[in-house]
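Student: Hi! Could you walk me through this one with me?
Tutor: Happy to, let's have a look together.

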Amino acid sequence: MRKKIIIGNWKMNKNRKETINYLMTLNHMLNKNHLLSDNVDVCLAPSTLCLIATNTYINRGGLFAKNSLRSLIIAAQDCDSEIAGSETGSISFMQLHDEGINACIVGHFETRRNHHLTDEQINKKVISLTNNNMLAILCVGDTLEQKTENLSKQYVLEQIEKGLKGVIIDNLDKLVIAYEPIYAIGASNPVEVLDIEDMIKTIRNKLAELYNQNAANSIRIIYGGSINSANYIEYAKSDEIDGLLIGKSSLDVTSFYDISYGVSQALATKYPTLGNKYYTLKQKEIEAISKPIPEPKKEKQEVESIIKNDIDAIEQTKESAIDAEENK
């Protein structure tokens with residue numbers, strides 16, 4: 001069974017302080033409820049300026065008693081395929097790697113459109129990432145016009161074939177494919193589960209042609225497009241859909257937590273033999289998997305207090321480092 005993955009794409013949102021507050025709250029929720037298990041990978045893709053702060057915060061330790069974020073995957077939203085060079089405004093995949101960022105979204109529709117990227121350019125990024133032990137999250141999608149003209153599969157498979165040209169079979173464990181219909185991004189409703197499953201099966205058949213069936217079966221193919229805490233559960237229950245790429249709903253920490261928790265719970269319910277070292281599933285939790293977790297006023301005050309204390313500790317650490325530098 002492929003391990004599901006939930007990816008939160010923040011796009012061009014949140015500054016450093018908002019990012020740290022989000023992570024502190026998420027850490028507190030995990031510490032208090034122990035609700036995420038080892039059956040789901042959870043990934044956040046902050047904006048470029050907040051990548052280092054995010055990675056530093058979840059790995060630094062010491063400023064809070066218990067860190068439940070260490071298993072969180074941190075991804076960039078794009079990168080350049082070259083190690084270095086005269087590419088003003090670009091960030092190399094190797095620069096990300098050197099800073100401890102080991103995953104990257106490539107080929108998202110908005111990036112393709114805004115930067116006029118070709119499938120060949122995206123392919124170079126996938127190769128650079130996977131050759132250097134970094135997770136490449138390759139986005140593919142179709143337009144409403146292509147769907148209307150019954151050209152969706154043809155167009156998506158072309159992106160798959162061109163995007164994976166030269167990617168060796170040994171590197172496929174460093175690949176996630178995200179199917180995002182362009183007409184579903186930011187829409188009021190996501191695409192029907194059956195339609196998503198049909199496209200994913202088509203993609204997997206193409207992967208079997210390009211590699212072999214075992215390799216195709218090992219690659220995670222996820223869905224993105226207008227997913228939120230009210231509609232995610234049917235997608236989470238599907239054996240064909242290996243996870244979710246979430247945009248707007250990932251900006252709210254409670255929403256992102258609810259979705260990640262719900263996917264984990266749904267899997268633990270459906271496949272109890274997978275085991276779960278973090279919590280014991282209770283029947284009342286099973287019945288509530290699609291409901292938001294209430295946040296009593298007392299708990300909210302606790303979270304706010306912890307956030308304030310952690311921010312104070314961060315500022316003290318920063319001041320101490322500056323003083324030490326000045327005294328050299």
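**Around Ser226**

Tutor: Keep in mind that this is a predicted model. Let's start with Ser226, which is buried, because its relative accessible area is 16% and the limit is under 20%.

Student: Where is Ser226 found?
Tutor: In the loop that runs between strand E7 (220-224) and helix H10 (233-237).

Student: And what does the side chain of Ser226 reach?
Tutor: The backbone oxygen of Ala184, at 2.5 Å. Leaving aside residues up to four places away in sequence, Ser226 also touches others, including Ile185, Gly186, Ala187 and Asn231. Ala187 is 39 residues away in sequence, yet the C-alpha to C-alpha distance to Ser226 is 5.8 Å.

Student: Switching to the sheet, what is the order of the strands?
Tutor: The order is E3-E2-E1-E8-E7-E6-E5-E4, an open sheet of eight strands with parallel pairing. Strand E3 (73-74) and strand E4 (103-106) are the edge strands, each pairing on one side only.

Student: How many bridges do E6 and E7 pair over?
Tutor: Four, in the parallel sense, with E6 covering residues 175-179. In one of the pairings, Ala178 has Ile222 in E7 as its bridge partner.

Student: Which strands does helix H11 touch?
Tutor: H11 (residues 253-270) packs on the sheet against E1, E2 and E8, and its direction makes about 175° with that of E1.

Conventions: Residues are numbered from 1 along each chain as its sequence is written. This is a predicted model: local features need pLDDT of at least 70, side-chain atom pairs count only at pLDDT 80 or more; totals for chains, interfaces and linings use all residues. Side-chain values use heavy atoms; hydrogens and water are left out. Helices (H or I, at least four residues) and strands (E, at least two) are DSSP runs, numbered from the N terminus. Buried means under 20% relative accessible area, exposed over 50%, partly exposed in between (1.4 Å probe, protein chains only). Contact means heavy atoms within 4.5 Å. A polar contact is a pair of N or O atoms within 3.5 Å; within protein, one must be able to donate a hydrogen and the other to accept it, and residues adjacent in sequence count only if both atoms are side-chain atoms. Two strands pair if DSSP finds at least two bridges between them. Axes are lines fitted to C-alpha atoms, for helices over the stretch in contact, and angles run from 0 to 180 degrees between N-to-C directions.
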